[in-house]
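Subject: Structure handover

Hello,

Here is the structure I promised you. Please open it first, then read my notes below.

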Amino acid sequence: MGKWVLAGGLGVMAHFAASYLVPLEEKDQGALGGLLRFAWPWSVGDTGLLGRIDGGSMPIVGFWIAMAAAVLAGMAALAVLGVWVPTGWWRGLAVGGALAEVALMTGFFGPTKLLPIVASFGAIAVATGVWQVFETA
């Protein structure tokens, strides 16, 4: 059970990073009483150190950081499940993905970026053994 929870958490991290590619339009930002922004942290109009996300463009540096975070977190989830990626790699992949995600979220810091940052620090805590979810072989 623990490895499925961990893989799910890493999958959610990958979602937070990959959702950078499709930011919420202004008309959708108030959906579900504004709570959708917390599940989908990227919106048109977000600004930060890395630039501004407009309707038709996004900062390219943010794109590369987001893709690195999404790929690393996704590969870490696959490694936890033992699918296509060696199981022993999950810790390094999870930490790398989490650090990339923290860099991305702090580059556009705002209230909707707090949940992804907390998830990233949780992944780092699990991967470094501070918080134990399951034992690997």
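Start with aspartate 54. It is partly exposed, because its relative accessible area is 32%, and partly exposed covers the range between under 20% (buried) and over 50% (exposed). Keep in mind that this is a predicted model.

Aspartate 54 has a partner. It forms a salt bridge with arginine 52, and the closest N and O atoms lie 2.9 Å apart. Arginine 52 is partly exposed as well, at 46% relative accessible area. A search of the whole structure turns up one salt bridge.

Next, look at helix H3. It runs over residues 60-81.

Isoleucine 60 belongs to H3. Its relative accessibility is 54%, so it counts as exposed. Together with Val61 and Trp64, Ile60 makes a nonpolar patch on the surface. The accessible area of these residues together is about 360 Å².

Other parts of H3 are hidden. Which residues of H3 are buried? They are Gly62, Ala66, Met67, Ala69, Ala70, Ala73, Ala76, Ala77, Ala79 and Val80. Their cover includes helix H1 (2-18) and helix H4 (90-107).

Finally, see what comes after H3. Glycine 82 follows the helix, and its phi is positive, near 75 degrees.

Best wishes

Key. Residues are numbered from 1 along each chain as its sequence is written. This is a predicted model: local features need pLDDT of at least 70, side-chain atom pairs count only at pLDDT 80 or more; totals for chains, interfaces and linings use all residues. Side-chain values use heavy atoms; hydrogens and water are left out. Patches are made of residues with over 30% relative accessible area and no salt bridge: like charges are joined within 9 Å, nonpolar side chains (Val, Leu, Ile, Met, Phe, Trp, Tyr) within 5 Å. Accessible areas come from the Shrake-Rupley method with a 1.4 Å probe; for residues, only the protein chains shown count as cover. A salt bridge is a side-chain nitrogen of Lys or Arg within 4 Å of a carboxyl oxygen of Asp or Glu. Helices (H or I, at least four residues) and strands (E, at least two) are DSSP runs, numbered from the N terminus. Buried means under 20% relative accessible area, exposed over 50%, partly exposed in between (1.4 Å probe, protein chains only). Contact means heavy atoms within 4.5 Å.
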